[in-house]
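Subject: Structure handover

Hi,

Here is the structure I said I would pass on. Please load it before reading further.

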Amino acid sequence: MAIQTVGIVGAGTMGNGIAQACAVSGIDVVMVDISEAAVQKGLATVAGSLDRLIKKEKITEADKAAALSRIKTSTSYDDLKSAQLVIEAATENYELKVKILKQLDALLGQDVIVATNTSSISITQLAAVTQRADRFIGMHFFNPVPMMALVEIIVGLQTSDATHGSVKALAERLGKTPITVKNAPGFVVNRILVPMINEAFFVLAEGLASAEDIDAGMKLGCNQPIGPLALADMIGLDVCLAVMEVYLKEFGDSKYRACPLLKEMVAAGRLGRKTGRGVYTY
């Protein structure tokens, strides 16, 4: 099935990033969130991101105008009916995602594909709450979406080959490099990445080195572009903690226990860049 219009539920960091990637690639977008303020903030973020690309001479003013004209914002799920694919990009919370998916399932035509941008929750489990399990799939983008080349495409037990093919083709149309992953907590990248971040918090908590030196060590010793603690601040410490808690629950293996320091910082509201303070102060 050719995908001409993509619906996106959530205008936050991931949602507006996916919207930009689609719009720049010539795909119409309907971006929905719970309030007009939320969708307008998401649209403003896209405009700012496009302005930075203009300054770098990657796109023109005409390209920006064309991309923004392809993004329709709304606070009503009814406006998603025109989409051939709807991507749920809400907060990493199982109950919230189930609520959204059930609403979408009741509203959308039976041929519409529904994808979730979850970074850790079971695709098979989420698919089971819908009446379109064969047309349900994971489409895990990475932050910042316009810049990151990778998309993990996660097939649940029920996902059809046709659904996988349509979504893979869309990812390639967006200029991304998709990898296909079987359903398992954390999939591939975050299964390796988030426990590494968690271990960096253990190293910090034990006083083995300063945050700056831990990050410098991983950047210079492992050729990582950003240290794990700075990356945690970028992702959001609450998101890192939520992912570790999913791993511990799903695998039942104590190696996935969250570092107490990570828990303490989340409890204090020090969530990283989005709150102005995490491991570092912004």
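Predicted model: local features only at pLDDT ≥ 70, side-chain atom pairs only at ≥ 80, totals over all residues.

An unreviewed UniProt entry carries the annotation "domain: 3-hydroxyacyl-CoA dehydrogenase NAD binding" for residues 5-183. Helix makes up 41% of the chain over residues 5-183, and strand 22%. The end C-alpha atoms of that stretch are 26 Å apart.

Helix pair. Look at H7 (residues 189-205) and H10 (residues 237-251). Their axes come within 10 Å. The crossing angle is roughly 110 degrees. Angles of 65 to 115 degrees count as roughly perpendicular, so H7 and H10 are roughly perpendicular to each other. Their crossing is left-handed.

Which residues meet there? H7 brings Asn190, Arg191, Val194, Pro195, Ile197, Asn198 and Phe201. H10 brings Leu237, Cys240, Val243, Met244, Tyr247 and Phe251. By class, the residues of this contact are 10 nonpolar, 2 polar and 1 charged.

One lysine. Lys97 sits in helix H4 (residues 94-107). Is Lys97 buried or exposed? Its relative accessible area is 1%. Buried means under 20%, so Lys97 is buried.

What does Lys97 touch, leaving aside neighbours within four places in sequence? Its contacts include two glutamates, Glu88 and Glu92. Ala90, Thr91, Thr116, Thr118, Ile121 and Leu126 are also in contact with Lys97.

Best wishes

Methods:
Residues numbered from 1 in each chain as written. Heavy atoms only, no water. UniProt positions renumbered as here; feature names shortened; annotations may be inferred. Helix = DSSP H or I, 4+ residues; strand = E, 2+ residues; numbered from the N terminus. Axes fitted to C-alpha atoms, helices over the stretch in contact; angles between N-to-C directions. Parallel < 35°, antiparallel > 145°, perpendicular 65-115°, else oblique. Left-handed = near helix turned anticlockwise from the far one by under 90°. Contact = heavy atoms within 4.5 Å. Nonpolar A, V, L, I, M, F, W, Y, C, P; charged D, E, K, R; others polar. Buried < 20%, exposed > 50% of the residue type's maximum accessible area, 1.4 Å probe, protein only.
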